[in-house]
Amino acid sequence: AGRDKEDVVVPTSGGRYDVHLKKRQRVAVYWEEEVSEVRRCTWFYKGDKDNKYIPYSETFSEELEEAYKNAVTLDEWKKKLESPSREIIILHNPKLMVHYHPVATSDDWGSTPTEQGRPRTVKRGVENIAAEIPNGEPLQIDHLVFVVHGIGPACDIRFRSIVQCVNDFRNVSLSMLQAHFKKAQEQQQIGRVEFLPVNWHSSLHSTGVDVDLERITLPSINRLRHFINDTILDVFFYNSSTYCQTIVDTVASEMNRLYQLFLQRNPLFKGGVSIAGHSLGSLILFDLLTNQKAAPEEGEHSEEGSRTTSRNRGIEEIKDILKKLELSEYCDVFEKEKMDRQALFLCTEENLKEMGIPLGPRMKILHYISSKREMQVCLLHGWCSSRNCQYRDVGLGQVSANYPQLNYKPTIFFAFGSPIGMFLTVRGVKRINPNYSLPTCKGFFNIFHPFDPVAYRIEPMIVPDLEFEPMLLPHHKGRKRMHLELKEGLTRMSVDLKNNLLGSLRVAWQSFTRAPLPAVEAASTDAETETEAGVEKQPDTKPDETPVAVKEEASLINVGRLNGGNRIDYVLQEKPIESFNEYLFALQGHLCYWESEDTVLLVLKEIYQTQGITLDQPLPGSQ
């Protein structure tokens, strides 16, 4: 029992860290991180420039406690203690204890550190220490989201890692839950959403490729070349079949590992799983999702009777296919081999030969299988101008790789600052078929900042003949940003003034250029002039009215099944300072998503909507 007490492990920070009490260490559970020290704090000090009390080490705290007890017991104060770093602590009385920092170390004259410099305050116990101890996160986890980073080891403008950025994202989500899901929280309908980072960069660069690159890198502009090797080259690595395989294997295996570990630590978890990717990470996830295999039909897992029904249905499908190919006489052969549609599509020429199918019918069947496979591959293309489209066996012009399968069906896929649209276009995909949806994931949101230089839209690839704006992401405080409202108002006002001015000039010009008419016809002329002016004004006023109509109908545009019939592209509202210079804030625009309340709120809204839970108050302009 005593040993068990010593080996106690306490999960902290929402279960993402374990504290080993015996070793006094805090260890990260889901990712690799340097082990941090944990202290039992009883004695503290605080300097003039410190804004909080700092704990002494446990061993020195024990010495201080022993000296304090002796002083209290014997009533002998003004005792001096020397800390391990040769600093002096004087216990004047129970309410006045000071810590002197040495000005210099011992010198040749034999002088020792004295009570020089401004002393620090020493305190015993935690009473009256104004330390904010957080309440902790809700224990109930409703949904799990894996977050995959983009190029390079740093994920934001402050060069922080994916772990730190996802920590920010999670913290923002907790504050958004309190602000916008308060009613559901009070009724204990919801807990929180857990976000876990997925790191693939370190695995890629531990393959030895950095050593090979260093060998061929020029010595000039060393820092810039090192930065390029560490970040920009990740894009080229992903387009190499060798390293693409490493990347997709790492991402898929890491997400599967994290999922299994999460279930082990949270056995009562019944929620769904979503995935989010930033920049190149979103493209990696998109390629993985397009290569997932749809789950087998429920009949496969049900009772024997339903299995038989499913098998009979498969045989009937084979009969229909053979009938369509005018090969009904071979139905018995396929029935004897217990072939269904799925088995047919796995057949090779050798298999058909072994079944005794002659060359002519064999070619017909193989052509049918090939055309259906091509149709599945080109379903996302819609139509494709590439000459080699029929030979693509990897789909979508992706790099040839064996894409691993995930152990779960993602509920929603969120892409932040994503270049998916650009990569699809470069691969030769000109149009996405409106009927296409990701095999195992029914939700897809493409979220971007208007100045993000890496982000591209998806919807114009589905509806190329119609020009329309992306959905404007509502501000988390429930209205459009003031500067955007002013901008829109001024634009509308200037258009109105322009139309009115043009209309007035047109009428004046007509009155000057028109030949003089008899006075008797003056009344009718005035009437005609008014009529003509009215008729000519109409084309000018219509363009003003159409954007309003288009805005109202924007969310009703059919953008296919990629997001279950809902809009896909969502644009953030730029901040007032960002609107002064688009180029100046371009990089910031690509790295802003981690602390963006609007982005986090959309993620939470869509996740909880799948559970039938809505915001306390719907935001204006939201879908």
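**View A. The surroundings of S437.** A contact, or touch, means heavy atoms within 4.5 Å of each other. This is a predicted model, where local features need pLDDT of at least 70, side-chain atom pairs count only at pLDDT 80 or more, and totals for chains, interfaces and linings use all residues. Leaving aside residues up to four places away in sequence, S437 touches K442, R561 and L562. You'll find S437 in the loop between α16 (420-426) and β15 (443-448). Helices (H or I, at least four residues) and strands (E, at least two) are DSSP runs, numbered from the N terminus. S437 has a relative accessible area of 14%, so it counts as buried. Buried means under 20% relative accessible area, exposed means over 50%, and partly exposed is in between (1.4 Å probe, protein chains only).

**View B. The whole protein chain, before we zoom in again.** The protein chain has 21 helices and 17 strands. Of its 623 residues, 41% count as buried. Take the contacts in the chain with a separation of 6 or more: 70% of them come from residues 24 or more positions apart. The accessible surface of the chain is about 36,400 Å², and carbon and sulfur atoms own 54% of that. Such areas come from the Shrake-Rupley method with a 1.4 Å probe, and for residues only the protein chains shown count as cover.

**View C. An open sheet of six strands.** Follow the strands across in the order β6-β5-β10-β9-β8-β7, with antiparallel pairing. β6 (54-55) and β7 (79-82) are the edge strands, each pairing on one side only. Two strands pair if DSSP finds at least two bridges between them. β5 (residues 43-46) runs antiparallel to β6, and two bridges join them. Look for F44, which stands opposite P55 in β6. Helix α2 (residues 58-74) packs on this sheet, touching β5, β7, β8 (88-93), β9 (96-100) and β10 (120-124), and its direction makes about 170° with that of β7. For angles like this, axes are lines fitted to C-alpha atoms (for helices, over the stretch in contact), and the values run from 0 to 180 degrees between N-to-C directions.

**View D. Strand β9 and its partners.** Four of the five residues of β9 are buried, so this strand is largely enclosed by the rest of the structure. On one pairing, five bridges join β9 to β8, and the two run antiparallel. A hairpin takes β8 into β9 through two residues, and I89 has H99 in β9 as its bridge partner. On another pairing, β9 and β10 run antiparallel and are joined by two bridges. H99 turns up here too, with R120 in β10 as its bridge partner.

**View E. Ring against ring.** Rings of Phe, Tyr and Trp (its six-membered ring) pair if their centres lie within 6.5 Å; planes under 30 degrees apart count as stacked, over 60 as edge-to-face and the rest as tilted. By that rule there are 18 aromatic pairs. Y17 and W31 have ring centres 5.8 Å apart and planes at 90°, so they are edge-to-face. The two sit 14 residues apart, with Y17 in strand β2 (residues 17-20) and W31 in the loop between β3 (25-28) and β4 (36-37). Both Y17 and W31 are buried. The rings of F181 and Y608 have centres 5.3 Å apart and planes at 45°, so that pair is tilted. F181 lies in the loop between α3 (162-180) and α4 (182-186), and Y608 in helix α21 (residues 597-609), 427 residues apart. F181 and Y608 are both buried. Ring pairs also link F169, F195, F416, Y593 and W594 into a cluster.

**View F. Charges over rings.** A charge sits over a ring if NZ of Lys or CZ of Arg is within 6 Å of the ring centre and within 35 degrees of the ring normal. R26 has its charged end over the ring of Y17, 3.8 Å from the centre. R457 does likewise with F468, at 5.3 Å from the ring centre.

**View G. Helix α10, mostly covered.** Eleven of the eleven residues of α10 (residues 280-290) are buried. Among them are L280, G281, F286, D287 and T290.

**View H. R362 in helix α15.** Helix α15 covers residues 359-377 and holds R362. With 7% relative accessibility, R362 counts as buried. Not counting residues up to four places away in sequence, R362 touches E349, L352, K353 and I357.

Terms used
Residues are numbered from 1 along each chain as its sequence is written. Side-chain values use heavy atoms; hydrogens and water are left out.
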